[in-house]
Protein chains: 2
Amino acid sequence: MTEAVSRPTLEAVAARAGVSRATVSRVVNGGDGVRAPLAERVRQAVAELGYVPNQAARSLVTKRHDAVAVVIAEPETRVFADPFFALQLRGISKELTAHDNQLVLLLTEGRDDHARVARYLSGGHVDGALVFSLHLDDPLPGLIQDAGVPTVFGGRPGWGDEGRGAGPARPTAKDPGVVYVDCDNRGGARAAVRHLMGLGRTRIAHLTGVLDQTSAVDRLDGYRDVMGEVPGGNDPRLVVESDFTPAGGERAMRELLDRCPDVDAVFAANDLTALGALRVLRASGRRVPDDVAVIGFDDMLPVAEEADPPLTTVRQDIEGMGRLMARLLLRGLSDGRDRTDDRDRPDGRGTTDGCDRTDARGRTDGLDRTGSAVDEPHAGGVILPTTLIRRVSA
Amino acid sequence: MTEAVSRPTLEAVAARAGVSRATVSRVVNGGDGVRAPLAERVRQAVAELGYVPNQAARSLVTKRHDAVAVVIAEPETRVFADPFFALQLRGISKELTAHDNQLVLLLTEGRDDHARVARYLSGGHVDGALVFSLHLDDPLPGLIQDAGVPTVFGGRPGWGDEGRGAGPARPTAKDPGVVYVDCDNRGGARAAVRHLMGLGRTRIAHLTGVLDQTSAVDRLDGYRDVMGEVPGGNDPRLVVESDFTPAGGERAMRELLDRCPDVDAVFAANDLTALGALRVLRASGRRVPDDVAVIGFDDMLPVAEEADPPLTTVRQDIEGMGRLMARLLLRGLSDGRDRTDDRDRPDGRGTTDGCDRTDARGRTDGLDRTGSAVDEPHAGGVILPTTLIRRVSA
DNA sequence: GTGAAAGCGCTAACAA
DNA sequence: TTGTTAGCGCTTTCAC
């Protein structure tokens, strides 16, 4: 392991180019107001010396870090069981890189880590935070809000869902300052159920996810939206609580077959649950999709594609979510300063502005919230669309 | 998105405690040589003010950053297709956190990013780097070596495998300074094949991984180690090249059945490949394991466990690999300075030293290298053991 | 054992 | 347009 060596400083570059440190600094930071030939000489010197600015020194005076923390609350091992996390991170990374920001990854393993993370964020080491936390009663988001760091949440925070999560709703729930990005869980669920109806199915069941996560709640709500419209759709026996795992899917499917042997379609809260359901259906002698159609959620490869039969599912643009989160945070950060959004780095690596590639629709397309006590939508919620992917199972 | 506020400085703490900045600094950094009561007063002030040291200011003078970069060469989308990456990261994160280091994540998307990463690492923003790059001809590891940053590689670098990868071996291949951590791919493969033999199988095939990755090469070598010992084991038709994917596994399995209809066991280079093989075997009317036994590699959940039938496979301690990489890097870093390894942070959060929990065996337990021209083992290679997980398929 | 003072490398007023 | 100067918040000699 080679030892690091000392790097040339601004001073060295200035000397070499025969100018003052201030001039070098100007050139390095965009070169506004430096006459071309001089700037050229400086750039020359920079190249020759292989000068790279010392970020610590820079941060010390600018109070900026060009770094963003990504916080992932770890009890969410679900996050580790599928590529979700990795894709999200990839999207975030791309966007941050395009804006010359670094990604500081903070993984938490429980309460002890909460304090650590809060301390780190309060410590002013990063300009902002991207926070993933799926559970309604997770204290981490609250701590982070209190840390006073600009933050964008991944997934709709559940603070406003009174009567659903454990404990009272956080006062911050209606805070217009709360910004989050999520996929259209509810709309995707509706699309899935409508598709099953379009297939002529009438006894359509739902195997839910863990109901202390907003994604599970929203998918259930989407299911109910559609089922509520048809006679007999409100049969409570058709909804079985599960937990986003294959084992849970098996359990739930067995229970479902007990309750409703006449079921002819299943909408599973995610692909893993569907996997378990498929196995039980096969064991029960039912054919998929002939006897029972099955739809999953997530399009989690290779699970969905490699299932037997390949799973029809609802795809979300996971990478796009990550990208959008980063973009929103960065935009918020630059708004907070006096630089405008499009004042990108001089190397012209800025991306196109806006949500052009993400089809952000804002809000939840006219629908009111999930029957909770929250009347106003979360001011900063951005919902990305989902797509139904048809394979064999439905 | 709340705006960040200004934090209390050392100065403020000093004023509050009625001491000099220097004293506060000493207390904050371990408190050696400060009388107890004074130190207590300082700690009090720190707590009251919620003081957190400004890392930028500290780095500026210490030239340390307490930050480590994790570089993941992205063309390795395999890394994104399974939880491998996430687990590795978790191990790394735990270890870094225990030593109060931050994790800066650098994902690359191709050549353009190489320069960016090299620049960042050379820029002295981090104390060291953990680098993942699976392909033999990836230029990134070379660039990183040149950047002069202490580095530990994830997975055995292939630079020394002459005649295998594209291009000549890098001169650094035998550099005793090269440090890497890998699982015992070769030993795991041997265990798998021996297990199949123990089952009385005689026509044991191998579906390889992408052979420009050392993990695939090593697994193939392990297979050959064992097969070479028995008569007829060298039948080249029993080895089919594949690519670590289910689709590749299908292709390879079909080809294998064409070539050797009498095959009675398959060792697949990973679980995904095994998945494809299982499907083809089923389609061909063969029963698993009765007619053909199948073993995978990685114990990639949920793939292996949820396969039909559940897959016997070789498990590696992925999280342990990550942890060990971080530990080795951190140790190297502290060796490079004048502080000894066990001079941990004052809050007593240091972990136990050594590789106690990882069972590092060092080297490759007496076996010579993979038939390549490299006679001396890579000085810094640490190989973690693997475990055979018996499920139904073999 | 404690404090005073000198920078670390950079940016941002302000002068020229 | 360019240079000069004063710190940013911290650690670290060096006196006391």
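Leu211(A) lies in the loop between strand S6 (204-207) and helix H10 (214-227) of chain A, where helices (H or I, at least four residues) and strands (E, at least two) are DSSP runs numbered from the N terminus. The model is predicted: local features need pLDDT of at least 70, side-chain atom pairs count only at pLDDT 80 or more, and totals for chains, interfaces and linings use all residues. Residues are numbered from 1 along each chain as its sequence is written, while chains are lettered from A and ligands numbered from 1 in the order in which they are written.

- A residue is buried if 20 or more other C-beta atoms lie within 10 Å of its own, exposed if 12 or fewer, and partly exposed in between, with C-beta atoms placed from the backbone.
- Leaving aside neighbours within four places in sequence, Leu211(A) is in contact with Ala216(A), Val217(A) and Glu241(A). Two residues are in contact if their C-beta atoms, placed from the backbone, lie within 7 Å.
- Leu136(A) is 75 residues from Leu211(A) along the chain, and their C-alpha atoms are separated by 9.0 Å.

**Chain A overall**

- Chain A has 14 helices and 12 strands.
- Of its 394 residues, 52% count as buried.
- Among the contacts in chain A with a separation of 6 or more, 73% are between residues 24 or more positions apart.

**Surface near DNA strand C**

- DNA strand C is surrounded by 26 residues, and the closest are Thr9(A), Leu10(A), Ser25(A), Ala57(A) and Ser20(B). A residue is near a molecule or strand if its C-beta atom, placed from the backbone, lies within 6 Å of it.
- At least two residues of this surface come from each of helix H1 (10-17), helix H2 (21-28) and helix H4 (55-62) of chain A, and from each of helix H2 (21-28) and helix H4 (55-62) of chain B.
- H4(A) supplies the largest share, five residues.
- By type, the surface near DNA strand C divides into 13 nonpolar, eight polar and five charged residues. Ala, Val, Leu, Ile, Met, Phe, Trp, Tyr, Cys and Pro count as nonpolar, Asp, Glu, Lys and Arg as charged, and the others, Gly among them, as polar.

**Surface near DNA strand D**

- DNA strand D is also surrounded by 26 residues, the closest being Ala22(A), Leu10(B), Ala22(B), Ser25(B) and Ala57(B).
- H2 and H4 of chain A, together with helix H1 (10-17), H2 and H4 of chain B, each supply at least two residues of the surface near DNA strand D.
- H4(B) gives the most to this surface, with five residues.
- The residues near DNA strand D divide into 13 nonpolar, eight polar and five charged.

**Helix H3 of chain A**

- Helix H3 (residues 36-49) of chain A has 14 residues and reaches 20 Å from its first C-alpha to its last, close to the 20 Å expected at 1.5 Å a residue. The expected span of a helix is 1.5 Å times one less than its number of residues.
- Val42(A), Ala45(A) and Val46(A) are the buried residues of H3(A). Seen down the axis of H3(A), they fall within an arc of 100°, so they line one face of the helix; the arc is that of the directions from the helix axis to the C-beta atoms.
- An α-helix has 3.6 residues a turn, so residues three or four places apart point the same way.
- H1 and H2 of chain A are included in what covers the buried residues of H3(A).
- Ala36(A), Pro37(A), Ala47(A) and Glu48(A) are exposed on the other side of H3(A).
- Gly50(A) follows H3(A) and has a positive phi, near 65°.

**Nonpolar core**

- The largest nonpolar core has 98 residues, of which Val68(A), Val70(A), Val71(A), Val68(B), Val70(B) and Val71(B) touch the most other members. A nonpolar core is a set of buried Ala, Val, Leu, Ile, Met, Phe, Trp, Tyr and Cys residues joined through C-beta atoms within 7 Å.
- Not counting residues up to four places away in sequence, Val71(A) touches Leu106(A), Thr108(A), Val117(A), Ala129(A), Val131(A), Phe132(A) and Ile144(A).

**Backbone features**

- Most residues other than glycine have a negative phi, and most peptide bonds are trans.
- Asp308(A) and Pro309(A) are joined by a cis peptide bond with omega about 0°, and Pro309(A) is in the loop between helix H13 (303-306) and strand S10 (313-316) of chain A.
- Asp298(A) has a positive phi near 115° and counts as buried, with 28 C-beta neighbours inside 10 Å.
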